[in-house]
Amino acid sequence: MARVWVLGTTMAMVIATLLELIMGIFGRSPNFTRVAVKNSAMTRYFNIEKARRRLGYQPIWSLDEGITKGVAECMARIRREEESKKTK
């Protein structure tokens, strides 16, 4: 299994800055950039009220139902992948 590294935002920004400088010397741009760090560390809030007001949107499932269905689908996918690895 792959190892997971947890970096704080400050350390990630330092690494991204160094990568941008080093890769810039070679005329390339890294996948791990300061913009990527900023976007991944940003707190976001989602609200469907505007879509309801302007578009008349009504969700098919409630938030709780959607989370339950989403988690069940992810778990089923993981089980299928594990089973297919066992049969190979």
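## Salt bridges and the model

A salt bridge is a side-chain nitrogen of Lys or Arg lying within 4 Å of a carboxyl oxygen of Asp or Glu, and in this structure Glu73, Arg77 and Arg80 are linked in a network of such bridges. The model is a predicted one, in which local features need pLDDT of at least 70 and side-chain atom pairs count only at pLDDT 80 or more, whereas totals for chains, interfaces and linings use all residues. Residues are numbered from 1 along each chain as its sequence is written, and side-chain values use heavy atoms, with hydrogens and water left out.

The structure holds four salt bridges, and two of them share Glu73: the side chain of Glu73 meets that of Arg77 at 3.6 Å, N to O, and that of Arg80 at 3.3 Å, N to O. Glu73 and Arg77 both belong to helix α4 (residues 63-87), and because they are four residues apart in this helix, about one helical turn separates them. Helices here are DSSP runs of H or I with at least four residues, while strands are runs of E with at least two, and both are numbered from the N terminus.

How open to the surroundings are these residues? A residue is called buried under 20% relative accessible area, exposed over 50%, and partly exposed in between, with a 1.4 Å probe and protein chains only. Glu73 has a relative accessibility of 35% and therefore counts as partly exposed; Arg77, at 41%, is also partly exposed, and so is Arg80, at 46%.

Helix α1 has 17 residues and reaches 24 Å from its first C-alpha to its last, which is close to the 24 Å expected at 1.5 Å a residue; the expected span is 1.5 Å times one less than the number of residues. After α1 comes Gly27, whose phi is positive, near 75°.

Another salt bridge joins the side chains of Arg34 and Glu20, at 2.6 Å, N to O. This pair links distant parts of the chain, with Arg34 in helix α2 (residues 34-41) and Glu20 in helix α1, 14 residues apart. Arg34 is partly exposed, with a relative accessibility of 41%.

Thr33 sits in the loop between α1 and α2. When its neighbours within four places in sequence are left aside, Thr33 is in contact (heavy atoms within 4.5 Å) with Ala16 and Glu20. A polar atom of the Thr33 side chain also lies 3.1 Å from the backbone nitrogen of Ala36.

## A nonpolar surface patch

Which residues form a nonpolar patch on the surface? They are Trp5, Leu7, Met11, Val14, Leu18, Leu19, Leu21, Ile22, Ile25, Phe26 and Phe32, and together they have about 1200 Å² of accessible area. Patches are made of residues with over 30% relative accessible area and no salt bridge, where like charges are joined within 9 Å and nonpolar side chains (Val, Leu, Ile, Met, Phe, Trp, Tyr) within 5 Å. The areas come from the Shrake-Rupley method with a 1.4 Å probe, and for residues only the protein chains shown count as cover.

Ile25, in helix α1 (residues 9-25), is exposed, with a relative accessible area of 68%. Ile22 lies in helix α1 as well and is partly exposed, with a relative accessible area of 45%. Ile22 and Gly70 are 48 residues apart in sequence and 40 Å apart in space, C-alpha to C-alpha.

## Ala51 in helix α3

Ala51 belongs to helix α3 (residues 49-55) and counts as partly exposed, at 25% relative accessibility. Apart from its neighbours within four places in sequence, Ala51 is in contact with Gly56 and Tyr57.

Conventions
A polar contact is a pair of N or O atoms within 3.5 Å; within protein, one must be able to donate a hydrogen and the other to accept it, and residues adjacent in sequence count only if both atoms are side-chain atoms.
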